[in-house]
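Colleague: I am new to this structure. Could you take me through it step by step?

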Amino acid sequence: MNKTYYPKANEIEPGWVLVDASNQNLGRLATKIASILLGKTHPQFTPGVDTGDYVVVINASQVQVTGKKLDEKFYYHHSNYPSGLKSISLRQQLERHPERVIQAAVWGMLPHNKLGKQLIKKLKVYPGLDHPHAAQSPMPLE
């Protein structure tokens, strides 16, 4: 009888991947990033185990969306006070905090448990070209 391979913590070597978000569709980009974070690009992928790579996203302010989403998609948060519901459109969010748009899209594609919280910390998003992770020498994604 064959045994199932389960990767140990010391056997996993996370890499670094550089993703350029300029002129890319938001949903398709988030799908690629979530797949890399989960580790589905590695042969030792195991559900429930962090086998993924770190992802550095640059040019987040230049991401594209289709249709009327810029004006019709809203992000909501509540201050936990009466009538404390706040909303901001996708257009305003891209102008003010473009990194939050990509982070929210990727978070929606990750599991909402301890593993997902651990994976989202491996996502680094920057609105421009500059990022402080040059020492890790991230490999660019095609």
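Colleague: What should I know about the model before we start?

Modeller: This is a predicted model, in which local features need pLDDT of at least 70 and side-chain atom pairs count only at pLDDT 80 or more, while totals for chains, interfaces and linings use all residues. Residues are numbered from 1 along each chain as its sequence is written, and side-chain values use heavy atoms, with hydrogens and water left out.

Colleague: How many helices and strands does the protein have?

Modeller: The protein has 5 helices and 6 strands. Helices (H or I, at least four residues) and strands (E, at least two) are DSSP runs, numbered from the N terminus. Along the sequence, the pattern reads β-α-β-α-β-β-α-α-α-β-β.

Colleague: What does the C-alpha trace span along its principal axes?

Modeller: The span is about 60 × 35 × 30 Å. Of the 142 residues in the protein, 37% are buried; buried means under 20% relative accessible area, exposed over 50%, and partly exposed in between, with a 1.4 Å probe and protein chains only.

Colleague: Let us turn to the sheet. In what order do its strands come?

Modeller: The open sheet is formed by 4 strands in the order β5-β2-β1-β6, and the pairing is parallel. Two strands pair if DSSP finds at least two bridges between them. At the edges stand β5 (123–125) and β6, each with a single partner strand, so one side of each is left without a neighbour in the sheet.

Colleague: And how many bridges join each pair?

Modeller: Strand β1 pairs with strand β2 (residues 54–58) over 5 bridges, and with strand β6 (residues 139–140) over 2 bridges. Between β2 and β5 there are 3 bridges.

Colleague: Which residues are bridge partners?

Modeller: Val 19 has Val 57 in β2 as its bridge partner, and Val 57 has Val 125 in β5. Leu 18 is partnered by Pro 140 in β6.

Colleague: Is β1 mostly covered or mostly open?

Modeller: Strand β1 (residues 16–20) is mostly covered, with 4 of its 5 residues buried. From β1 the chain crosses through helix α1 (residues 26–38) to β2, and this β-α-β crossover is right-handed. That term applies if, with the strands pointing away from the viewer, the path from the first strand over the helix to the second runs clockwise.

Colleague: Where does α1 lie relative to the strands?

Modeller: Helix α1 lies across β1, β2 and β5, running at about 155° to β2. Axes are lines fitted to C-alpha atoms, for helices over the stretch in contact, and angles run from 0 to 180 degrees between N-to-C directions.

Colleague: How do α1 and α4 pack?

Modeller: Helices α1 and α4 (residues 98–107) pack at an angle of about 60°, with their axes 9 Å apart. The two are therefore oblique to each other; angles under 35 degrees count as roughly parallel, over 145 as roughly antiparallel, 65 to 115 as roughly perpendicular and the rest as oblique.

Colleague: Which residues meet there?

Modeller: On the α1 side they include Leu 26, Leu 29 and Ile 33, and on the α4 side Val 101, Ile 102 and Ala 105 are among them. Contact means heavy atoms within 4.5 Å.
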